[in-house]
Amino acid sequence: VDLNLSCLLANIDPQTMKFRFAIDRERDSCRTPRRNSEIDANIVFFSRLRVWASQVASYLDHLFAVSRSHQNLDFAAFKNTSKLFVPFAPLLVSPTPPASDTAVEGTANPTLAALSDNAQKSAVIIPVGMINSFLWEQKRSISEQLSALVQLAPPTGEGSGVTTLAEASLALLVQHLNDVGLLFRKSVDYIEKMLLDQLEAAVGKNLTPTTFSQYMHFHQMRLFAPQFRPKPFCHAIRRPGHYPEGLISICPSNAIETPILSHVRKLGPEEAGPMSITLNAATQLFVHGDTFLHTTVQHKFAASSAERLSLIARARQFSSFVLLVGRIASADQFDPSAAILIQNNDELQIPLLLEQISTPKEFDDAISSLSVEQQRFCKAYRQLQLQSTLFGLCVIQVKPNLERLLNLPVDTLTKEISLTQDIMQLFIKYHVPSDLLSFDIERHPTADGATRLSAVKEHVRALLDVIAGRKTEQIKQAVQNSFVEALSSNQATGGFSFVAAGAPNQSNFGPSLGFGSSNNGGALWGAPAAGGSPFGGSATPSFGTSTGPALAPPTGSVRVATTAAATTGGSSSTSFNFGPAASASTSAVSAQPTLTPQFAHSLAESSWAQLPHRIDRCLFALDTDSSLHPTIIKLAPAWNAKTQASILAAPQTTVLTVDHQKTERQCAFDLLDALSRSGELPLESAEFHVLVAATHAFDHTLIETVIEQNMNPIDKIERSLLVVASCLFEKPIADLIVKEKVPQVAYHSPKLVASDS
């Protein structure tokens with residue numbers, strides 16, 4: 001059984017033969033009195049010493065077991081180390097000048113330990129005289145116990161048996177070595193435990209990642225200048241001068257009322273340019289509006305996952321908007337992976353999945369040994385990953401775009417709740433062309449707002465009447481078919497039974513509007529009452545009468561033939577005229593001022609689309625710890641939706657699966673297709689929110705980071721926040737923070753300030 005004593009002998013001065021041990025505080029590996037290379041080396045040595053002592057003790061136990069049969073000895077006393085002094089104790093002393101290499105005053109014992117050169121420069125150290133007293137007490141107790149073994153074990157010599165004084169002394173010493181190694185480990189661990197107790201006493205609570213996140217919110221507000229402070233990711237959806245239609249926010253999943261903080265930079269429509277959205281292979285629409293660039297830095301510690309986030313979207317009562325979520329494919333191309341119409345107190349919660357990719361330095365180290373062609377491939381794929389970190393939200397308001405589509409004055413539909421709901425149903429559920437509803441501005445350019453609105457109402461009422469008539473005829477036909485089947489069954493069985501189970505329910509015609517039942521007050525969910533109209537008056541449409549000036553009958557017409565019930569033996573037909581004619585749609589749009597899409601807007605010309613790449617380059621130069629990971633945000637497969645069947649009904653929570661999401665996406669795309677005349681009319685009253693996320697990952701838990709690594713995580717996350725914010729605002733870091741914090745940042749992160757110069 002061997003034991004390497006190099007670690008122990010390296011601490012003995014060969015000139016004076018005194019024991020000298022010191023911790024080099026200048027080394028980067030020196031974190032705390034417990035976490036440094038010197039203590040770690042001694043922990044390894046004493047662990048091996050205990051293993052060696054246990055192996056020797058095991059051999060002696062086997063030897064003693066053999067001796068028990070013919071030697072009447074007190075074998076338990078050979079391993080009794082209760083009276084032996086172990087010279088290890090975790091002590092903290094007040095700052096005093098270092099003592100000299102002498103023993104305690106009044107004793108004549110020579111010194112066994114001396115101060116190292118580094119220790120002599122320290123103002124906080126246990127007096128060396130106390131250390132020598134400990135060592136002499138250990139030596140005295142060992143000598144006394146060995147002397148006592150003389151009375152318990154036979155002397156070493158021929159004929160004395162298997163167990164002698166030598167074996168008894170060895171058993172006592174190896175047990176003492178095991179105690180020494182164990183107490184050494186407990187002592188250094190106790191020092192670390194004492195640091196933790198002091199930390200918790202200072203902050204007044206047990207530190208957790210949640211409490212640390214709360215502090216970082218507070219810290220960011222104090223660090224940044226007022227104009228650059230992060231803001232909660234919660235935005236009201238509104239037109240200027242109007243009450244909000246709803247709001248969108250990104251919040252922790254366990255605290256949906258507390259949005260995350262993000263730095264925000266607003267770009268106007270002229271600066272950001274129009275964004276194109278592909279609805280299908282034949283339709284591409286262009287959206288104009290403000291673009292909001294957001295950056296957020298999340299953090300995670302070992303043994304705990306990053307904070308789970310959720311996208312929250314809420315709509316007010318009698319309000320609606322379309323939400324699209326996806327990727328920014330390029331500076332002028334938005335690729336939505338999900339879309340949904342949110343209206344009438346609906347609340348949607350989409351869990352977000354955060355996928356971290358390698359840091360710039362990790363990526364550079366990984367490809368350093370690859371060939372040139374392999375590196376080119378990896379770098380190209382890295383560009384795709386960075387572009388995928390542009391998480392995009394697009395919010396399109398319905399009412400303003402409906403007004404532009406129907407050639408109505410601004411704010412005409414603000415209080416027309418039932419009309420708005422009916423028009424949306426015609427677009428989504430029945431796929432009615434928008435030309436059948438819009439006002440013919442070309443024929444009547446001077447018509448006032450009331451006249452235009454009245455004409456649109458008549459168009460909507462006429463279409464609803466046609467649809468209601470078709471539904472009624474289909475129901476009659478289904479009932480008749482069921483009656484014929486019942487008669488046939490009666491002839492076969494000799495009895496009679498009429499079952500109208502084949503009659504379809506009116507609510508089964510077409511997809512749903514939005515992801516819940518609407519609680520509008522108009523004719524949205526059924527046919528008008530017999531002899532009535534969705535807007536009152538006679539069920540027969542009349543386009544020549546209105547409160548405004550008389551309008552000439554439009555030339556376009558649609559003829560719908562309906563088949564009467566088979567029992568009447570006849571048929572009937574009904575003619576309805578709709579306007580404006582489809583041929584006049586292009587000229588009607590030209591009368592409305594619109595923005596022409598700019599196809600020359602490219603990625604190279606747009607600095608904001610290069611934001612992830614700029615951040616990546618800055619992190620490579622300034623993230624010395626290589627801890628900040630670019631993060632890709634994805635949508636979870638299951639969403640939670642809260643809807644109300646009616647105004648007085650209690651909200652119901654449902655889970656939207658992937659199939660439901662596809663249905664809602666198609667409904668939203670159908671509405672956008674109608675609002676834009678299949679891409680011909682650019683959409684306005686919209687806004688884009690582009691979020692670039694990064695995650696600062698620590699290799700240890702929060703307590704291990706602060707206590708064991710002697711690292712302040714606040715400084716590390718602060719550096720990440722400043723680098724990302726500087727790339728977003730394209731300003732020096734010193735301009736982003738309050739002046740009082742500049743010296744502090746320069747001290748903890750000198751490379752940040754140096755990069756500004």
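## Stop one: a closed space

Start with the second largest cavity, which holds about 90 Å³ of space. Keep in mind that you are looking at a predicted model. By the rule used here, there are four cavities of 30 Å³ or more.

To find the spot, select I615, P630, V692, A693 and A694: of the 13 residues that line this cavity, these lie nearest its centre. Now colour by element. β6 (283-300), α15 (611-622) and β17 (683-697) are the ones that give two or more residues to the lining of the second largest cavity. Which of them gives the largest share of that lining? That would be α15, with four residues. Switch to colouring by residue class and the lining of this cavity shows ten nonpolar, two polar and one charged residues.

## Stop two: an open space

Next, go to the second largest pocket, with about 650 Å³ of space. Select S213, P252, Q298, H299 and E307, the closest to the pocket's centre among its 32 lining residues. At least two lining residues each come from α7 (209-223), β4 (261-267), β6 and α18 (713-729). Show α7 on its own for a moment: it gives the most to this pocket's lining, with seven residues. How does the lining divide by class? It has 13 nonpolar, 16 polar and three charged residues.

While β4 is on screen, pick K266, which is found in that strand. K266 has 52% relative accessibility, so it counts as exposed.

## Stop three: salt bridges

Side chains of opposite charge can pair when their charged atoms come close. There are 29 salt bridges in this structure, and three of them are on the tour.

Begin with D189 and R34, whose closest N and O atoms are 3.1 Å apart. This pair links distant parts of the chain, 155 residues apart: D189 sits in helix α6 (residues 165-203), and R34 is in the loop between α1 and α2 (37-67). D189 counts as partly exposed because its relative accessibility is 29%, while R34 is buried at 5% relative accessible area.

Now jump to helix α13 (residues 449-493) and select E458 and R461. Their closest N and O atoms are 2.2 Å apart. Why are these two about one helical turn from each other? Because they are three residues apart in α13. Are they buried or exposed? E458 has 15% relative accessibility, so it counts as buried, and R461 counts as buried too, at 7%.

The last pair is R376 with E373, where the closest N and O atoms are 3.1 Å apart. Both belong to helix α10 (residues 372-388), three residues apart, about one turn of the helix. Here both partners, R376 and E373, are exposed.

Look for N344 in the loop between β9 (333-343) and β10 (347-356). With a relative accessible area of 2%, N344 is buried.

Then pick H431, another non-glycine with a positive phi, about 55°. You'll find H431 in the loop between α12 (417-428) and α13. H431 is partly exposed, with a relative accessible area of 48%.

## Last stop: a surface patch

Finish by selecting L5, L8, L9 and F19 and showing their surface. Together they form a nonpolar patch with about 330 Å² of accessible area. L9 belongs to helix α1 (residues 6-9), and at 52% relative accessibility L9 counts as exposed, the cut-off being over 50%.

How values were computed:
Residues are numbered from 1 along each chain as its sequence is written. This is a predicted model: local features need pLDDT of at least 70, side-chain atom pairs count only at pLDDT 80 or more; totals for chains, interfaces and linings use all residues. Side-chain values use heavy atoms; hydrogens and water are left out. Patches are made of residues with over 30% relative accessible area and no salt bridge: like charges are joined within 9 Å, nonpolar side chains (Val, Leu, Ile, Met, Phe, Trp, Tyr) within 5 Å. Accessible areas come from the Shrake-Rupley method with a 1.4 Å probe; for residues, only the protein chains shown count as cover. A salt bridge is a side-chain nitrogen of Lys or Arg within 4 Å of a carboxyl oxygen of Asp or Glu. Buried means under 20% relative accessible area, exposed over 50%, partly exposed in between (1.4 Å probe, protein chains only). On a 1 Å grid over the protein atoms alone, a cavity is a set of points where a 1.4 Å probe fits but cannot get out, and a pocket is an open set with protein on both sides within 12 Å along at least five of seven lines; lining residues have an atom within 4 Å of a point. Grid points are joined across faces, edges and corners, and a volume is the space filled by probe spheres set on the points. Ala, Val, Leu, Ile, Met, Phe, Trp, Tyr, Cys and Pro count as nonpolar, Asp, Glu, Lys and Arg as charged, and the others, Gly among them, as polar.
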